[in-house]
Every structure is written in structure tokens, then in C-alpha cells.
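Please follow along residue by residue.

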Amino acid sequence: MRIFSGIQPTGRKHLGNYIGAITHYVAGQDLGESIYCVVDLHATTVAYDPAALRESSYDTAATLLAAGLEPDRCIFFRQSDVAEQTELCWLLSGVAAFGELGRMTQFKDKSASQRDLVSAGLFFYPVLMAADVLAYRSTDVPVGDDQRQHVELMRDIAQRFNARFGETLVVPEGRYPAVGARIMDLQFPERKMSTTGTSPQGTVYVLDEPDVVAKKIRSAVTDSGAEVVRAPDKPGVSNLIEILAAVRGTDLEAVEHEFDSSGYGEIGRASCRERV
Ligand code: TRP
């Protein structure tokens, strides 16, 4: 197995990134060869400041090292340091269809939110992502659920390339976390936890001090009723169940069962104790 994943150097990393991606990168080091990349070139597809991007690339690298990536057990590098990835991106562009790039939901969402300029880079983003993975003949791509469409596209690109030029590229599989794929904002649990556009109180940053984390968890919104179960009309409690199961490495049912008779207060307190 050869694992490849890329992480954006933008924004401060939060609990959603940590549970959904970073812990899987660390675990991947024991599963096979693993290759991780700080994708600074992807960050140039929206407005950016070069000096700030350099800094946040270092910050992101430091966060991943602190979380447990070990340079002697994985390959860990910055995307722009390997020019061949960008070169492969161009070669793949000949088998990437214009129409399918325009159908990418991330492109549609991100281009709608750009004020001055929708860059061609934003449109091309998934081709560069395909090149990242395909350059190394990677077999497994651990990513969040929101990257499914991009992974399907890179598989199509690899298959089309192979059909045209002979078996050259490995068609990779996406790996999506079963638990913790969608960590929601603690204040607005119907929205994903994210660095942009949500509440600072509802977002737990990996660099928050422990007492700040505890306070945010303690003030997480819950729902009406008292039963600790996952349900569509209980987004707040469902989120806490998801978070606790993910940090403990247990399944969701085990958490529901444990808090059967104790109610909302207790799951909040337990989540604080676990030092999420
Ligand atoms: N697009 C990915 C994200 O936003 C980041 C990324 C870039 C990536 N290149 C990749 C992920 C290659 C996996 C493999 O999360």
C-alpha cells in the first residue's frame, strides 16, 4: 500500500481537520509507505499573500509533526519543491475534460465566493490534485468526504490516460473515515466546522489551550430532549457523539450506550475530560 494525501496550508487547523485527516495520516505510517504533502500550490488558486503563504506552510508542517508524523517513517514535503508534480499536471490536462472540471462542486462553491477574480487555477485545482497522487503511483488516498468527487475524477483521469497511452498510472482508491468525517461547528451544528465563515466559539483549534477547548465544548449547543442518541433533529448532540467516538477510537453506538441514562451534561463533561 502506498498512501498519499495533501493538506492545505491555509487557515488554522481545527478539530475537524484533526479528526478527519491528521490522525489518519499519523496512523497511515504504520499501514504502508506514506507520502504527505503540504499543498502550497493549491493555495495559490485563491487570493493569497506570498509571505503569509510561506509562513502558513511552515505552521502546517509544524502542526503535522507535532501530531505525530515522523520524517523517518514517512515522506513529508512541500508541493512546490517537487516541480515534476506540476509538470505532470500539464500532461494530465490533455485527458481531463473541460466539462467535468466545470461540474466539480468545490469549484462551483469557491468560484461563487470569489469577489474579484475566478482564477483558471481554481478550475484546474482537481488536475493538480490528480497529479499529486498519480506522480507517486499511490494506491490509497485518505481524504475527507468533501473530496470524493475529486478522487473520482483523478481515477477517471488515470484510466483515460492508461487507455490512451498504455498502463502507466496506478488508479488509486479514496479512503474516507467512517467516524468523524463530518465534525460540525459546536455553535451551529448544521454547518461543518471550518476556519472561515463559522463562529470562533464553535471552532476548536488544535493550538487552543486546554481550558479554552474545555470551555468551547462545555458551551456547545445541544438540542431539545435529553436522550444521547444520533438523530436528524439532534445535530448538536449527534456531533458530540461523533467527536467523543472519534477521539476515543470507539464506535458511535458505544458512546450512545454509555450515556443512555445520563443526559446531555454528562457527555459534555466526558468530552472535556478526554481533552479533545
Ligand atoms: N484538495 C484537498 C483538500 O482540500 C487537498 C489535496 C491536494 C489533496 N492534493 C491532494 C488531498 C492529493 C489528497 C491527495 O483537502
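With 53% relative accessibility, D81 counts as exposed, where exposed means over 50% relative accessible area, buried under 20% and partly exposed in between (1.4 Å probe, protein chains only). This is a predicted model, in which local features need pLDDT of at least 70 and side-chain atom pairs count only at pLDDT 80 or more, while totals for chains, interfaces and linings use all residues. Residues are numbered from 1 along each chain as its sequence is written, and side-chain values use heavy atoms, with hydrogens and water left out.

**Salt bridges**

D81 pairs with R78 in a salt bridge, meaning a side-chain nitrogen of Lys or Arg within 4 Å of a carboxyl oxygen of Asp or Glu. R78 is partly exposed, at 24% relative accessibility. By this rule the count comes to 14 salt bridges, and the table shows some of them.

| Salt bridge | Closest N and O atoms |
|---|---|
| D81 and R78 | 3.1 Å |
| R2 and E33 | 3.1 Å |
| E70 and R73 | 3.5 Å |

R2 sits in strand β1 and E33 in strand β2 (residues 33-38), so their bridge ties together parts that are 31 residues apart in sequence. Strands here are DSSP runs of E with at least two residues, and helices are runs of H or I with at least four, numbered from the N terminus. Both partners are partly exposed: R2 at 27% and E33 at 47%.

**The largest pocket**

Now turn to the largest pocket, which holds about 1,400 Å³ of space. A pocket is an open set of points on a 1 Å grid, with protein on both sides within 12 Å along at least five of seven lines, and its lining residues have an atom within 4 Å of a point. Its lining has 45 residues, and Q8, N17, Q106, D146 and Q147 are the closest to the centre. Which element gives the most to this lining? It is α1, with 5 residues. By type, the lining residues divide into 18 nonpolar, 19 polar and 8 charged.

**A nonpolar patch**

Helix α1 also holds Y18, which is partly exposed at 32%. Together with V206 and L207, Y18 makes a nonpolar surface patch of about 280 Å². Such patches take residues with over 30% relative accessible area and no salt bridge, and nonpolar side chains are joined within 5 Å.

Methods
1 Å grid on protein atoms, 1.4 Å probe; cavity = no way out; pocket = protein on both sides within 12 Å on 5 of 7 lines; lining within 4 Å. Points joined across faces, edges and corners; volume = space filled by probe spheres on them. Nonpolar A, V, L, I, M, F, W, Y, C, P; charged D, E, K, R; others polar. Patch = residues over 30% accessible without salt bridge, like charges linked within 9 Å, V, L, I, M, F, W, Y side chains within 5 Å. Areas by Shrake-Rupley, 256 points an atom, 1.4 Å probe, with all protein chains shown as cover.
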